[in-house]
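Me: I am new to this structure. Can we walk through a few features, one by one?

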Amino acid sequence: MRTEKEQYLLLKALDAFNRKIVVISEEYRILAFAGIEGNGYKTSPLGKHCYETFFDRSNPCDKCPVKKVIISGEPALRDISSDNLSKQKRACLYAYPVAIDDGNNVVAVVKMEFPALDGLEEELRQANRFLYNLLQSACDGVMAADSMGKIVVFNDAAAEVTGYSVEWALEHLNIVNVYEDGIAKDIMRKLRSDSYGGKGKLKKYRIKARGKSGKIIPISLYASIIYDEEGNEAGSIGFFHDLRERIHIQKKLEETQLQLIQSEKMASLGKLAAGVAHQLNNPLGGITLYTKLMLEDYDLEDNAKEDLYRIIKDAQRCRDTVKELLEFSRQTRHFMKPININHAIDRTLFLIENQTLFHNITVHKNKAPFIPLVMADSQQLGHVFINIIINAAQSMDGAGTITITTKESAAKDRVLIEIKDSGAGISPENLKHIFEPFYTTKEEGKGTGLGLSVVYGIIENHGGSISAKSVIGRGSTFNIELPITRETEKGAEHADLT
Ligand SMILES: Nc1ncnc2c1ncn2[C@@H]1O[C@H](COP(=O)(O)OP(=O)(O)OP(=O)(O)O)[C@@H](O)[C@H]1O
Ligand SMILES: [Mg+2]
């Protein structure tokens, strides 16, 4: 028991602190107070209801902490989650139990008002809001989890990347579900190790996150462990960047690089082919000429004549090859005119459809009814289609389908031709080489390997492009693009149809 002097001094000290303290009964009546004398109360507030005295109310405030203290016997804090609390109501933020009757009962509480802290509280609130806005406006995803893995911070960017809503994530998401099985644990293990950017830190870690409905998203993660004042782990925070766009661009870049290498390779092969073809042309002319002269000038036996005819025939085959090499290296002359691609395809099919090779092959035509004209050499274009369609037919085991589609790409100012077969397909390794001269997988004597290289040369020469896709066992698709011309047919093309 404190002495009277002690009690007197403590009360004085309380007053000197200039803190407003009110002792309130369980009926909300003011039993004692300190620090509110100067607040202009005309009569003593002792015995009056606190809500009436301080807030001019006729009944207790909604979220009064006094009630909580009386029920629980524990200190209580007013629920300040709703932001529109008046400044006056915020005066009643803290309430503490005071045990009386030898500590057996809590019959009154002390309700404290901290006007001096009001400013600080406001500052704290503003600082919190600033931090919250900072997290929200970050372009990268930010999420933090407590020591149990429960997500406690989840910004808009994190929601956008993962597909979860912020509200849902804060309520239901656990960090272990953000990654594939075992990965969250692995991240924590790395965070605790020294080898990944310092203890408690993980830098630029490429990993796959698991978004809503199991969607896998590649991310780059910077993570840290959050420690409390005693150095214990209190949770973790991660900043992550969606890598999908970057990976997509990288893939495109690699494809373009490959195409560039491919076209450079084809250009140098073209030069080589042109050189060889020119070198062979003259001697071949000589061989044919002198063989013919021998046939004319000498009265030879039939056997000898037969041999000479054989020489002429073989020399002719060589000249055909030379011609194709020149075609590939774009050394031949062209007769360009505006052409309707649909007509060119019809003409090609008319020429080859009756061959035995095509007897059990169905050709589907999927032609755009109105297709812009292209400027082309019709004979050469025919050559292109024949080569591709014959290859397609040869790739099938006697039966299958070939689908030819034509359409316009207005955006690119180009006409697109797709020739798709249901043949054996081409392995990725072989696909890299099919446009090279003399590349063939056919038995000796069955293919020269010049067909597609000629096709490539012709299409390039027409300012177009050609590419092929294939799946082993499913078939191959050749895509050709040719630039549209503004010129009209002027009837020339129809004359050419016969
Ligand atoms: N539609 C296709 N399906 C499967 N493989 C194909 C197809 N088109 C081309 N190929 C492959 O590409 C190779 C090269 O084709 P290309 O037309 O240049 O030569 P080839 O057909 O072998 O001989 P050539 O055309 O000179 O008679 C072929 O040997 C074949 O392996
Ligand atoms: Mg071929």
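Me: Which strand does Met143 lie in?
Reply: This is a predicted model, so read each value as computed from it. Met143 sits in strand β6, which covers residues 141–146.

Me: Is Met143 buried or exposed?
Reply: Count the neighbours. A residue is buried if 20 or more other C-beta atoms lie within 10 Å of its own. Met143 has 28 within 10 Å, so Met143 is buried.

Me: Which residues does Met143 touch, leaving out those up to four places away in sequence?
Reply: Met143 touches Ile151, Val153, Phe154, Ala158 and Gly238. Look also at Asn155. Asn155 is 12 residues from Met143 along the chain, and their C-alpha atoms are separated by 6.7 Å.

Me: What does the chain hold as a whole?
Reply: The chain has 14 helices and 17 strands. Its length is 498 residues, and 23% of them are buried. Now take contacts between residues at least 6 apart in sequence. Of these, 56% join residues at least 24 apart.

Me: Which residues of α11 are buried?
Reply: First, the general idea. An α-helix has 3.6 residues a turn, so residues three or four places apart point the same way. Now the case here. The buried residues of α11 include Gln380, Leu381, Val384, Phe385 and Ile388. Asn387, Ile389, Asn391, Ala392 and Ala393 are buried too.

Me: Which residues come nearest to ligand 1?
Reply: There are 22 residues around ligand 1. Ser395, Thr440, Gly447, Gly451 and Leu452 come nearest. Two elements each give two or more residues to this shell: α11 (378–394) and α13 (451–461). By class, the shell has 7 nonpolar, 13 polar and 2 charged residues.

Me: At what angle do α9 and α13 cross?
Reply: Compare their axes. The axes of α9 (residues 302–328) and α13 cross at roughly 40 degrees and come within 7 Å. The two helices are therefore oblique to each other.

Me: Which residues make that contact?
Reply: From α9 come Glu324, Glu327 and Phe328. From α13 come Ser453, Val454, Tyr456, Gly457 and Ile458. By class, the residues of this contact are 4 nonpolar, 2 polar and 2 charged.

Definitions and conventions
Residues numbered from 1 in each chain as written. Chains lettered and ligands numbered in written order. Predicted model: local features only at pLDDT ≥ 70, side-chain atom pairs only at ≥ 80, totals over all residues. Near = placed C-beta within 6 Å. Helix = DSSP H or I, 4+ residues; strand = E, 2+ residues; numbered from the N terminus. Nonpolar A, V, L, I, M, F, W, Y, C, P; charged D, E, K, R; others polar. Buried ≥ 20, exposed ≤ 12 C-beta atoms within 10 Å, placed from the backbone. Contact = placed C-beta atoms within 7 Å. Axes fitted to C-alpha atoms, helices over the stretch in contact; angles between N-to-C directions. Parallel < 35°, antiparallel > 145°, perpendicular 65-115°, else oblique.
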